[in-house]
Amino acid sequence: MTKSIPDSAKKRWLELVELIEDARRQYYVLDSPTISDDEYDKAFKEIETLEQKYPELVTQDSPTQSVGGVASELFEPVQHRVRMMSLDDVFDLEELEEWANRVGKTTQTFPETICELKVDGLALNLLYLEGKLSRVATRGDGRVGEDVTYNTLFIPSIPRELIAKEGAQIPEVIEVRGEVYFELADFDSLNNEVMDLGRTPFANPRNAAAGTIRQRVDKREEELAVAKTDKKSESRIEKLTSEFKRSTASLTRLKLVVHGIGELNGLEFKTQDQAYKTLANLGLPVANTTRVTKNLKEVIEFINEFGEKRRSLSHEIDGVVVKVNDINSQKNLGATSRTPRWAVAYKYPPEVVRTKLLDIEVNVGRTGRVTPFAVMQPIKVAGSTVSMATLHNQKEIIRKGVLIGDTVYLRKAGDVIPEIVGPVIELRDGSEKTFIMPAKCPECNTPLAPAKEGDIDLRCGNAKSCPAQLRERLFYVGSRGAMDIEGLGAKSAAALLNDKILSDEGELFNLTKEDLIVSEYFTRAALKGESSRQLNKNGEELLSQLNAAKTRPLWRILVALSIRHVGPTAAQALAREFRTLENIANAKSETLASVNGVGEVIGIAVKEWFSESWHKEIVGKWARAGVRMQDEEITGPQPFKDMNFVITGSVPNLSRDAATNAVLERGGKVSGSVSKNTTMLIYGRADGSKFTKAISLGIPRLDAENFEVLLNKGFSEALKLATTEPN
């Protein structure tokens, strides 16, 4: 009998999904994290506990079923040959010992391990074929990443060709996993240059590495070549040359350290240590701090040693990775759907400093939530200078007991996000003031109130015309997780509103050169021979990208509308089911909720959003401006009608979306979890909860290598290749 899930548990699960997915988007896609690692880790542990208690909550929406990143459309998508996984984190020696005990149960005794520093950078996957560098991609969602090969050609520590030394053999195929990062000295220099140009500095070396890798240097080089060919003005050529040199110079400062292997043909290793030595002999940069440890005591000694040394290192680390050394033992231990069981990341506690809390101010977010934040005397912590930190809400301020004027303890939780720990009470002199949350919105003067009874957060109810909410929504439309419009960032969104070019986001796709020409942000002064001001790169790029965005898939439109709770996963499910925005708008909430991966809360939220007349006006304006509001109709035979498939792991030569669409085009359905109604499981790896549940239910299991048989020859032929026996 299915255990009933309390409404409070459902509600909390949805809140955690929204919090974690938004945090992932900010961290992996925008390179601009908004919550601390500590807050993220606590939320993740809470959702894991809920799902263990109520397994029915586990769906394709759950963060526990995915690695966490996403590949943007800024670069070409790349399918990794072997999935790039995440790591489980532990935060104290007790949790480390629990991991060691779990490993010991499988290996009979705690085995020899290898310890390495967890460099805080951006994960890359390097593919070498016959020793030559073929492609480099970011991790993305673990299955599909972004092709950044061109940019990495400027990184000196990434060899274009492997050279065998000391008897090493060059493999036919090898995927090398590594981390690109800035040393602290190079990070400081880069940030100084960024600030000299009047731009916002990077928050930390990890964000700097991600931002540097994600530059479109190839486009800048093309623009420069065109300008020279067309004999553009010397000032234009000089500017493009300077931008290109600046981009490539920042790339040359990046370093690579190798820490793993994906697909491998033509070589075999018995241990992780042997693999690293071979990689070094092939000319790949391997850390010289890695150490083989014979027992848990030596692991702890390594962790303590570098916990003391971490501030004296040339680069930032946020912990130590511990791996079982023996490769056969790694295979026996296997992996979950997200992480290997044979490795764990020990996270160091964040560094703590003291500084002055000068003031507490508030900002208004996209959904009207009003968030207080601390303005502090600038101080360097964990490698970068910090002057602001979020305080979340008034209840949190009271809980921490901080007053304006306090000296406070400040840490970078996870060495990323600044967080006030609490006041240094003994330093108070009586001049400190209590913060009082404003009663009205600081930007539109609307009274603030909770969205519903019992809510901690205060919100501005003027969703339609509050300048802050409008600015944040407009910026969100252009974000990578929504319409992915390069050129529609925070500064351009602010300029469009401040210069009265737009009154709401509905007018965005009607913008013309004549509209933008009134703003200094989008124009340059007239040159000799020109009668009036002309658009600069900001203006030209925005118009070009807006035009391209009109043909984005329907799910991106749904995300861009800022419908509460609707992220990419739910949006894709709705788009696949209904095909047009009109169908979604007209559907009953119960019908919306019945879509796999949507549910009651999201169904109600979608229906409520479309019940607002001004929301409909935005949709109408976009449609009249030429934004495509539907996906192509599915035509042709429907051989998978009434069949329900689950896809787990990677499918050769196809992204997850492409594999899903291939099933949908043939009339089938794709679910995020295995149940008695599942017709077949397609698996890329024979492990994880979905695979285990399919075995227990006797569901046919088809190796993803045979997915083309299913598509081209039909279900009956694929069934002959599938495994059907239960345990």
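1. In this predicted model, the largest nonpolar core holds 56 residues, and the members that touch the most others are L496, L508, F509, F610 and W622. The elements that contribute two or more residues to this core are the helices α13 (467–477), α14 (490–498), α16 (537–549), α17 (554–560), α18 (568–578), α19 (581–586), α21 (600–610) and α22 (613–624). Apart from this core lies another one, made of 34 residues, including V136, V148, I155 and L190.

2. F610 deserves a separate look, as one of the residues that touch the most other members of the largest core. Once its neighbours within four places in sequence are set aside, F610 is in contact with L561, I563, L581, I584, A585, K616 and V619.

3. L710 sits in helix α25, which covers residues 707–713, and because its relative accessible area is 0%, L710 counts as buried. Not counting residues up to four places away in sequence, L710 touches F640, F645, I682, L702, F715 and A718. Between L710 and E396 there are 54 Å in space, taken C-alpha to C-alpha, with a separation of 314 residues in sequence.

4. On the surface, V352, Y409 and V421 form a nonpolar patch, whose accessible area together is about 230 Å². Y409 belongs to strand β15, residues 407–413, and is classed as partly exposed because its relative accessibility is 32%, a value that lies between the limits of 20% for buried and 50% for exposed.

Key
Residues numbered from 1 in each chain as written. Predicted model: local features only at pLDDT ≥ 70, side-chain atom pairs only at ≥ 80, totals over all residues. Heavy atoms only, no water. Patch = residues over 30% accessible without salt bridge, like charges linked within 9 Å, V, L, I, M, F, W, Y side chains within 5 Å. Areas by Shrake-Rupley, 256 points an atom, 1.4 Å probe, with all protein chains shown as cover. Salt bridge = Lys/Arg side-chain N within 4 Å of Asp/Glu carboxyl O. Helix = DSSP H or I, 4+ residues; strand = E, 2+ residues; numbered from the N terminus. Buried < 20%, exposed > 50% of the residue type's maximum accessible area, 1.4 Å probe, protein only. Contact = heavy atoms within 4.5 Å. Core = buried A, V, L, I, M, F, W, Y, C linked by side-chain atoms within 4.5 Å.
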